[in-house]
Amino acid sequence: MKKLIFTIVFLTIPFLTYPQNVNVTDYEVAVSKAKVLRFNGSWDWSQSGTTVNSNNANGTLLFKTFYSSLPTAWFIDVAASGGKVFDDYNHNVRLNTSFRKYVWDEEKVFAVSELSMSHLNTYRQLESNLKVGFGYGRYINATALAKAVRIEGHLIKDNVISAPLSKETMIAIANIIEREDEYKGIYEATYETYWLDDITEEIKKSGAISGEGLESIGVLRMRQVLFNINERVNPRYYGWDVSTGIRFPMSTRDKSPVGNPMFSLAAEYSYPISWNMQVNSNAKIDSPLDSAFFNQYEMVLTLDFIFELSNRINFVTTYELVGHKPYNVSIEYNHNLSSSFWYYIENNIYFTVSAGYKKQGANPKVLSTNVGLQYNLF
């Protein structure tokens, strides 16, 4: 047991004490934008003698555009498909849009709206929902910067770069990592080449490369981090925000009454203790805007604690509280608590230890433990 503890501490100390020129809270979201329009069509016809065996046509139209920045973000996704099998026609059309805008760039007040529409040939009419609301706060996803820090650590350990990169270089690399969807939208199947090339150029501009270039080991380390190969970079966030809004069902697929609007209140908060420890929390409650307002509701509270002892050792604890309150009936709470310890051993061996606690309403509590060993032969 003492040897195991000593081994864990020995592997962890270099990772915990590694010097950095950048903090989690230094990150600002990159400006990312892309526009994609694709059409695919096909027609299949065959005949045997005087009998037509197939006369089918299919077409797909995809349009996607987005703009993402810290003060403003909007997304538009349209997917439409249709076809015919002899004289039977079918179609499927979906539209999803969202918009989030901070009223003042340097302030924390923002407005948010979402619109979704869909129609299939089996629908009697268009199904649609509109959600509008506002909020206050700043909640930043800094996972891209955490990945940049992990890549930097590998490159120093492998003597690819001679010293920690500057804060400006690290943020520039993180901004490129953040724009993965943009590269996918523009370059499709070959996006990885352009994505990694741009990251490499930022590292080269820093002047910290020890040899002539990153060589194969540098590219390998980048891919391991970016695609979670043999290691995992857990999500990193910082800040908080609170938002409220109303979801309006505007039309139903079967022409039934749309029902009353739903009130929604949500909050999220994250605190990055360090580059390897993170606390996340979020809460949400929904209730109908009618006589059952807050006499009927659904609520969810989630708490996460993440501790990356090293790039090979992860400890994650999650607690979830779900409350279901039917109309004029007492609320029922469900509790779920789980803790997992992941230890990645060289090459293809994983050792896991996990424990769980579950309590659903008046049912007896359930305790569980699991110890596992995973070995990938190929």
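Select Phe86 to start: this residue sits in the loop between strand E3 (72-85) and strand E4 (88-102). Helices (H or I, at least four residues) and strands (E, at least two) are DSSP runs, numbered from the N terminus. This is a predicted model: local features need pLDDT of at least 70, side-chain atom pairs count only at pLDDT 80 or more, and totals for chains, interfaces and linings use all residues. Residues are numbered from 1 along each chain as its sequence is written, and side-chain values use heavy atoms, with hydrogens and water left out.

**Stop 1**

Most residues other than glycine have a negative phi. Phe86 counts as partly exposed because its relative accessibility is 35%. Here buried means under 20% relative accessible area, exposed over 50%, and partly exposed in between (1.4 Å probe, protein chains only).

Now select Phe294. Which loop holds Phe294? Phe294 is in the loop between strand E9 (277-288) and E10. Phe294 is not a glycine, yet it has a positive phi of about 60°. With 36% relative accessibility, Phe294 counts as partly exposed.

**Stop 1: two asparagines**

Go to Asn311. Look in the loop between strand E10 (297-308) and strand E11 (313-325). Is Asn311 buried or exposed? Its relative accessibility is 17%, so Asn311 counts as buried. Asn311 and Val225 are 86 residues apart in sequence, but 9.5 Å apart in space, C-alpha to C-alpha.

Next, pick Asn334 in strand E12 (residues 332-345). Asn334 counts as buried, at 19% relative accessibility. Which residues does Asn334 touch, not counting residues up to four places away in sequence? They are Glu320, Leu321, Val322, Lys359, Gln360 and Gly361. Contact means heavy atoms within 4.5 Å.

**Stop 3**

Select Glu168. This residue is in helix H3 (residues 167-178). Glu168 is exposed, with a relative accessible area of 57%. Glu168 and Val22 are 146 residues apart in sequence and 8.5 Å apart in space, C-alpha to C-alpha.

Two packed helices are described by the angle between their axes and the distance between the axes. Axes are lines fitted to C-alpha atoms, for helices over the stretch in contact, and angles run from 0 to 180 degrees between N-to-C directions.

The crossing of H2 and H3 is right-handed. A crossing is left-handed if the near helix is turned anticlockwise from the far one by less than a right angle, and right-handed if clockwise.

Show the side chains at this contact. From H2, pick Ala144, Leu145, Lys147, Ala148, Val149, Ile151 and Glu152. From H3, pick Met170, Ile171, Ile173, Ala174, Ile177 and Glu178. This contact of H2 with H3 has 10 nonpolar, no polar and 3 charged residues. Ala, Val, Leu, Ile, Met, Phe, Trp, Tyr, Cys and Pro count as nonpolar, Asp, Glu, Lys and Arg as charged, and the others, Gly among them, as polar.

**Stop 2: H2 and H6**

The axes of H2 and H6 come within 9 Å and cross at roughly 145°. This crossing is right-handed too. On the H2 side, find Lys147, Arg150, Ile151, His154 and Leu155. They meet Gly218, Arg221, Met222, Val225 and Leu226 in H6. The residues here divide into 5 nonpolar, 2 polar and 3 charged.

**Stop 3: H5 and H6**

H5 brings Glu192, Trp195, Leu196, Ile199 and Thr200 to the contact, and H6 brings Val219, Met222, Arg223 and Leu226. The classes are 6 nonpolar, 1 polar and 2 charged.

**Last stop: the whole chain**

Zoom out. The protein chain has 6 helices and 14 strands. Of its 378 residues, 33% count as buried.
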